[in-house]
Amino acid sequence: MIPIENIYFLLCYAWNRLEEKDLLNVSTIEVPDLPNLLAKVLLKGIKVLINRGLDKQYIAEQNHYQGIKGRVDFNYSLRKNLFQQGLAMCEFDELSVNILPNQILKTSLQNVVKLPTLDRKLKRDIQSVLYQLTDIDVIEIRNDTFASVQIHRNNQYYLFLLNICELLHQNLSIHEKTGEVKFKDFLRDERQMARLFEEFVRNFYKIEVPEAKVFREDLHWQFTGEQMQFLPKMQTDISIKLPSNRKIIIDAKYYSETLQHFYDVEKIHSRNLYQMFAYLKNQPNQQAEGILLYPTVQKSLSLTYTFEEHQIRVETLNLNQPWMEIKRDLLLILDRKSSELEIRSTENI
């Protein structure tokens, strides 16, 4: 089981919003589960936004107005005899908080408060904040809604909260007839967790090893032929270039079990190994080390295999330990050289 505190740090790194990790001191509060954590963080973030002042934008309005404001629709006003009533149909821009980012925040908060497992005090606090958002509409959130939000320098603080809203949207299910809300435990969803783990590792090294160049890399097959367009794309999860001229390719993989079983014998996932071998064999005139990195909460591994000048390591990261130890282990994995590996293996793969 991954501790709630560690999940929060994983999200902060994965979303590249490490500065928001102090929004909630998860090490000092009791949070029973992930939905309560996300709801608490979202609530705290919205409170901060309200105190700062919610983002506003000019929205085109069309309404009856006593006097003249903006552009007057003379045809409509004459047809409805508005001028005789001292009114006019006017079109004007109004500065409003009823904009898409705020609508997403309010809708997400209104959805999460319906969870039956949510803490009672937390529900009361959410209802209190929802009362302060009466000028903002509740909308239907779809998968493409988040892509429509424009983030700029003045509203960057929204990004972290919108990430939480998107995570909630992906994992909350609302029954159409009863309105019952359930939260799908995304920690059991290998696809979501694989994406989260990969983004976490990549951004961790970007932030914690600033002297290194950390990026996703498109590699080209070292083949010759006239129909190269049919070859599949080859892109690394994480490529790292260190000032010492070392290059490390990391494939961050997430499985419920670190090793696969073949006739009751534990083996490394063969597909991962083949993929890493392809990365190393197609390096453009540069030697590189390969690391298959798996998260674990039980069994730890540190293995190394060598073929010709290529080296592949299999490493695990224990997520069921204090956060500072996770940070230490990730840095040690990067610093560890082949001559310093604690465990060597010459077994058949």
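Axes here are lines fitted to C-alpha atoms, for helices over the stretch in contact, with angles running from 0 to 180 degrees between N-to-C directions. Helices are DSSP runs of H or I of at least four residues and strands are runs of E of at least two, numbered from the N terminus. The model is predicted: local features need pLDDT of at least 70, side-chain atom pairs count only at pLDDT 80 or more, and totals for chains, interfaces and linings use all residues. Residues are numbered from 1 along each chain as its sequence is written, and side-chain values use heavy atoms, without hydrogens and water.

Helix H7 (residues 190–208) packs with helix H9 (residues 323–335) at about 80 degrees, the axes being 11 Å apart. H7 is therefore roughly perpendicular to H9 (65 to 115 degrees; under 35 is roughly parallel, over 145 roughly antiparallel, the rest oblique). In contact (heavy atoms within 4.5 Å) are Phe200, Phe204, Tyr205 and Glu208 of H7 with H9 residues including Trp323, Lys327 and Leu330.

## Burial in H7

Buried residues (under 20% relative accessible area; exposed is over 50%, partly exposed in between; 1.4 Å probe, protein chains only) of H7 include Phe200, Phe204 and Tyr205.

Glu217 sits in the loop between strand E6 (213–215) and strand E7 (218–219). Glu217 counts as buried because its relative accessibility is 10%.

Beyond neighbours within four places in sequence, Glu217 contacts Met234, Gln235, Thr236, Ser239 and Lys247. The C-alpha atoms of Glu217 and Asp237 are 7.6 Å apart, at a separation of 20 residues in sequence.
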